[in-house]
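Please keep the sequence and the model at hand while reading.

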Number of protein chains: 2
Amino acid sequence: MENQTTPYLKVDLPTFESNLSRMSEALPGVSLRPHVKAFKSTSVAKRLHKAGHIAFCCATIKEMEGMAAAGLSDDLLLANEVLDTKRLSTIAENGANVTVAVDSKETIDAVASGGVSNILIDVNVGLRRCGCAVPEAGNLGEYARNKGLNIRGVMGYEGHLMMVKNRSTQAEEVKSAMALLMLAHKDVGGQIISAGGTGTFDINIWATEIQAGSYLFMDTEYAKLDLPFSQCLTVMSRVISIAPDKSWAVVDAGIKALGMDHGNPSVSGGVVGFCSDEHTTLYPPEGQSKVTWKIGDLVPLLPAHVDPTIAKHSRMLAFEDERLVEEWVIDLKGW
Amino acid sequence: MENQTTPYLKVDLPTFESNLSRMSEALPGVSLRPHVKAFKSTSVAKRLHKAGHIAFCCATIKEMEGMAAAGLSDDLLLANEVLDTKRLSTIAENGANVTVAVDSKETIDAVASGGVSNILIDVNVGLRRCGCAVPEAGNLGEYARNKGLNIRGVMGYEGHLMMVKNRSTQAEEVKSAMALLMLAHKDVGGQIISAGGTGTFDINIWATEIQAGSYLFMDTEYAKLDLPFSQCLTVMSRVISIAPDKSWAVVDAGIKALGMDHGNPSVSGGVVGFCSDEHTTLYPPEGQSKVTWKIGDLVPLLPAHVDPTIAKHSRMLAFEDERLVEEWVIDLKGW
C-alpha cells in the first residue's frame, strides 16, 4: 500500500480481532453494549454483531439512523438526551427497537410526543454532565409511566473515573458511583443498569451492560491504563520535507486528521514537535541530533484520542501482515 | 431556524461580507491568494472569485481537485509539498492552471515526472516546518529549470509570527523573515513572492500576494489580535440538560463539532466547563451560582480555531437578521 493517499487510518486487523474477542469473552452478548460513537462505522458494528453483541448504544441521531438502515436495529439505545424525536420515531416505525435516555420532564415530554416508547432514566453519578439527581429518578420514572412510556431501567456514566490510574482506587470510586445508580434503580425499576466504558469494563460489576467502544482501537491516553487491549489504529502519514540539517522531518498529517483534545499524537523513533492543519513536525529521539526518516517514508502516528480521530476520516483500512484485507467505511459521521 | 438539527455552523452574513470586503480593499485581486484550507467550500470560494480574487491556494490535492471541478481554476497553488502528482496532472490536463510548492530535489522530481509544469520554491523563513534553507533555494531553482519546470517565484510562510501580539514587534520580525525570502527570491527569480496570513496581512509588505483565509470567519484566538475583522461563525448548540441545582447546563455540541487544538470554545453569558464527544458543559458567569439557560435554548459557541472547526461539518448556514439566506456546502474535506 505504498501508493495509498496519505493521511489514512490503518488498522492492524489481528490486534483489532484480539481486542474484540478479549472483550467478548469478558462481557459476552448483551452484557456489552458497544458504543457506536467510538468507531462510527456500520462495518465495525457488523463485526461486533457477528460476535454476539446485538445491542448497541449511540451518541447521535445520525448514528441511530445509520445503524437502523444497516439492519443493526435489534436494540438501539441513544445514550443521550434529545429534544427532536421525529427522526427517531421514523426509524422506530420502520421496525427498529429504539430506547432513549431521559433526565428531565422536558426530555420525557419530547420522547412521549414522538413515536418512541422505551426509555432509560439517566442518572448523574458524579461526572457533572447529563443525568438527573438520584432522588429525582423515581419521580421522573413515575412521570414517564404516566405518559405511557416503557421504562427499561437506568443509565449512569462514570466518565470521570475512566482515567483513574490506580485500579484499586478506581474500583472503590466506581463502587461509590454505582451505589448512587443502584439507589436510583431501586426507585425506577426495569431490567437494565447501563454504565461503564473501556476504562472500567472489568471493575464495574454492578452494571447489567457496559457501554464501551474505544477498546477496539485504543489510543495513547487509554494505553496509560493497565488494560488487556492494545493500540491497533494509526494515522498513516508520509514524509514530505526534511530540514536541511536533518534536525526535523515533516509529515502530511495534521490536526485535520487527528483528534487533538488529548494533545499531540506520538511517533515511534522520534518526538512530535507541533501539528498544523495538514502537517506534523517530527524531531529526532532524545539524545540524537538528526532524524533518520527520508522523504517519501510512510510514518504511523499514534493518536492521543481515537474517537474524534476516526470521526475525521471517511474509511479505515484493515491490514494483516502489511496486506490490505478490508476497507471499513466510516458512514455515521455528522448529526 | 429553531428546528434546525444541532449542532450546526451559523455564519452572520453581513459580518462575513464586511470581512471579505475589508480584505479586498486592502489586498485587491491577485494581491490576495485566499487560502481554501480555511473554509473548504467552493461556495465560499465563488464569492471570493466574484470579488476579484481569481488566484487561490490549497493545502491538499482534494482541495485542488474540488476547486478545479467547480471551475475556479485560473490559478491554483498547492502551497504544500507533495510526492504523488498524478491527480494534479489530471486536473492540469483538463485545463486548470496548477502550481505546486517544492523544497527538495525529491519534490521537484515528483512534479517533473508528472504533468505539472509550474512551481514555487518554498523557503523556510523561521517556522521550522517545510521550506528549503535560503542558500539552497538558488540550487533548487537551477535543478528545476534543468528539468524543464517553470519557476513562478518563491513562497515562505511566516506562520510562527501570526500570533505576535505587539504589532510593532511583529512588523520587525516579519521584516526579518521576509528579508530571508527576498534573498532566496534574488537567487530563484520569478514574479511571485507568496507569504503571509490573516495575522500579518497588512504588515507583510514584501510579499506580492498574501495567503489568508481565516479572516473571513475569525475565531477567539485571532480575536486576541488587533485586526479589522470580526468573528462571524458560531457552532450552534442546544441545551439538552440542566443540573438539578442549575449549577451547570449541557449543550449538544462537543469535540466532534469543534476544532480543539487551540482549546475550548467560549460562550456568551457563561463559562465553558469541559467538552466531551457530543457535549459541552456550561457554568454560570463568574460571581453567579445558577445558569439562566433553559432546556431547548439555542446557544452559540465561539470556536477557538475556525479552520479545523469548519472541517468537521458538511455545511455552513448563512443568516441575515436571523433569517437563513444561504447554505454553503463544505465540499473539500478529506484527502
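This is a predicted model: local features need pLDDT of at least 70, side-chain atom pairs count only at pLDDT 80 or more; totals for chains, interfaces and linings use all residues.

One of the residues involved is L317(A), whose bridge partner in β16(A) is E327(A). The hairpin formed by β15(A) and β16(A) has two residues between the strands, and D321(A) takes a positive phi near 50° there.

## The parallel sheet

Chain A also holds an open sheet of seven strands, which follow one another in the order β2-β3-β4-β5-β6-β7-β8 with parallel pairing. Its edges are formed by β2 (55-58) and β8 (209-210) of chain A, each of which pairs on one side only.

Inside this order, β3(A) and β4(A) are paired in the parallel sense over three bridges. L76(A) is found opposite V98(A), a residue of β4(A).

## Helix α4 and its two sides

Which residues of helix α4 (residues 86-93) of chain A are buried? They are L88(A), I91(A) and A92(A), and because they cover an arc of only 105° around the axis, they lie on the same side of α4(A).

The buried residues of α4(A) pack against α3 (61-69), β3 (75-78) and β4 (98-102) of chain A, and β3(A) and β4(A) are themselves a parallel pair. On the face of α4(A) turned away from the buried side, by contrast, the exposed residues K86(A) and E93(A) are carried. Just after the helix, G95(A) takes a positive phi of about 110°.

## Two domains in chain A

Chain A is divided into domain 1, covering 28-211, and domain 2, covering 233-329. Taken over C-alpha atoms, the centres of domain 1 of chain A and domain 2 of chain A are separated by 35 Å.

Where the two domains of chain A meet, seven residues of domain 1 are in contact with seven residues of domain 2. On the side of domain 1 of chain A that touches domain 2 of chain A, the residues divide into three nonpolar, two polar and two charged.

## Two chains and their contact

How is chain B superposed on chain A? A rotation of 180° with 0.0 Å of shift along its axis brings chain B onto chain A, with an RMSD of 0.0 Å, and the two copies are therefore related as by a two-fold rotation axis. The same surface serves both copies, since 100% of the contact residues of chain B recur in chain A.

The contact takes 43 residues from chain B and 43 residues from chain A. On the side of chain B that touches chain A, β9 (233-242) and α8 (306-310) of chain B each supply at least two residues, and the largest share, three residues, comes from β9(B).

Key: Residues are numbered from 1 along each chain as its sequence is written. Chains are lettered from A and ligands numbered from 1 in the order in which they are written. A residue is buried if 20 or more other C-beta atoms lie within 10 Å of its own, exposed if 12 or fewer, and partly exposed in between; C-beta atoms are placed from the backbone. Helices (H or I, at least four residues) and strands (E, at least two) are DSSP runs, numbered from the N terminus. The arc is that of the directions from the helix axis to the C-beta atoms. Copies are superposed by least squares on the C-alpha atoms of residues with pLDDT of at least 70 in both. Domain bounds come from an automatic or database domain assignment. Ala, Val, Leu, Ile, Met, Phe, Trp, Tyr, Cys and Pro count as nonpolar, Asp, Glu, Lys and Arg as charged, and the others, Gly among them, as polar. Two strands pair if DSSP finds at least two bridges between them.
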